[in-house]
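Visitor: Please pick a single part of this model and take me through it slowly. I'd like the cut-offs along the way.

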Amino acid sequence: MYYKAKSATLLSLSLMVVLFYASCRKNEAKDPIDAINKKDISVKMAKGLYESFTGANSSIKKTAASKEGVKAVNTTQCGLSTDSVVNTTINVAADATKYTVTGHINIKYICDQNNWNTIGYTLTDSLHTVRSTPVSSEDATVVDKYDAITKNYNYGVVTVNGVQKSHIIFTSNYPSPVTTDQNNNFTLQNMVVEAFASKSADITSGNALFVVQGKINGNAYNFSGNIKFLGNHKVLVTFLDEAYNVNLLSGEVTAAK
């Protein structure tokens with residue numbers, strides 16, 4: 001369950017790195033290769049983070065689905081800690097892509113000390129993924145540590161606080177040679193995730209501060225800002241010098257006024 005959640009996160013981050021390169025190529029005629037198209041990045045960055053928490057295979061979505069309508073009273077999970085080792089390979093025949101994923105995942109259930117009910121869990125993991133295709137390769141490490149606390153013992157709504165960090169090295173020979181080395185850092189602040197199985201998942205409030213640093217073919221770039229979750233599958237992505245409204249379902253993006 002938790003491997004699937006993290007593989008979704010890795011795929012989202014992979015797309016973000018590829019988009020950085022595409023954005024740079026689009027601006028190459030007028031700017032250096034390290035010029036970043038923040039409008040395009042806003043969409044992928046926000047959707048990637050959103051999907052890592054609300055996608056069908058995310059740990060929060062699966063937990064909500066398995067416990068929907070169930071109140072966590074005197075559960076035997078209270079205080080329990082579980083460890084999982086990940087070591088798997090996935091071959092996608094359609095495009096000759098190969099994924100190798102290794103690492104570990106720890107889940108520790110958090111208890112209400114007044115009556116010892118389970119009120120959530122702390123997820124800590126470190127996963128390393130190597131992806132190869134006929135024209136590209138990628139080496140990605142993602143580290144998560146966050147608390148997911150239930151609201152009124154209802155696993156369908158949780159408040160998330162913590163961090164997500166990743167380091168991704170992407171190399172491609174098509175359409176032209178490129179190497180991207182990038183670090184992403186998200187600080188998750190009071191993100192309210194509604195993940196009921198019976199309706200479309202959403203993050204209704206909270207923030208994710210981000211800092212991104214990297215190099216494209218040796219040219220350095222860095223930027224920082226905030227993703228503010230507004231509910232109704234919408235966010236406001238703010239950089240130091242510009243901001244964009246993003247629809248997380250349609251991908252529509254407009255400059256904030």
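Guide: Phe53 is buried, with a relative accessible area of 1% (buried means under 20%, exposed over 50% and partly exposed in between, with a 1.4 Å probe and protein chains only). Before going on, some ground rules: this is a predicted model, where local features need pLDDT of at least 70 and side-chain atom pairs count only at pLDDT 80 or more, while totals for chains, interfaces and linings use all residues. Residues are numbered from 1 along each chain as its sequence is written, and side-chain values use heavy atoms, with hydrogens and water left out.

Phe53 belongs to helix H2, so that's our part. Helices here are DSSP runs of H or I with at least four residues, strands are runs of E with at least two, and both are numbered from the N terminus. H2 covers residues 38-54, and its 17 residues should span 24 Å at 1.5 Å a residue, which agrees with end C-alpha atoms that are 24 Å apart; the expected span is 1.5 Å times one less than the number of residues. Twelve of those 17 residues are buried, so the rest of the structure largely encloses H2. Among them are Ile41, Val43, Met45, Leu49 and Tyr50, along with Gly48 and Ser52.

Now for the ring partners. Five aromatic pairs turn up in a search of the whole structure (rings of Phe, Tyr and Trp, the latter by its six-membered ring, pair if their centres lie within 6.5 Å; planes under 30 degrees apart are stacked, over 60 edge-to-face, the rest tilted). Phe53 makes a tilted pair with Tyr146, at 5.2 Å centre to centre and 55 degrees between the planes. Since Tyr146 sits in strand E4 (residues 136-151), the pair ties together parts that are 93 residues apart in sequence. Tyr146 is buried as well, at a relative accessible area of 2%.

Side chains of opposite charge can pair when their charged atoms come close. Lys38 has a salt bridge to Asp241, with 3.2 Å between the closest N and O atoms (the rule is a side-chain nitrogen of Lys or Arg within 4 Å of a carboxyl oxygen of Asp or Glu). That bridge links distant parts of the chain, 203 residues apart: Asp241 lies in the loop between strand E9 (234-239) and strand E10 (243-247).

Of its 257 residues, 48% are buried. Take contacts (heavy atoms within 4.5 Å) between residues at least 6 apart in sequence: 54% join residues at least 24 apart. So, to sum up the part you came for, H2 is largely enclosed, with twelve buried residues, and has Phe53 paired with Tyr146 and Lys38 bridged to Asp241.
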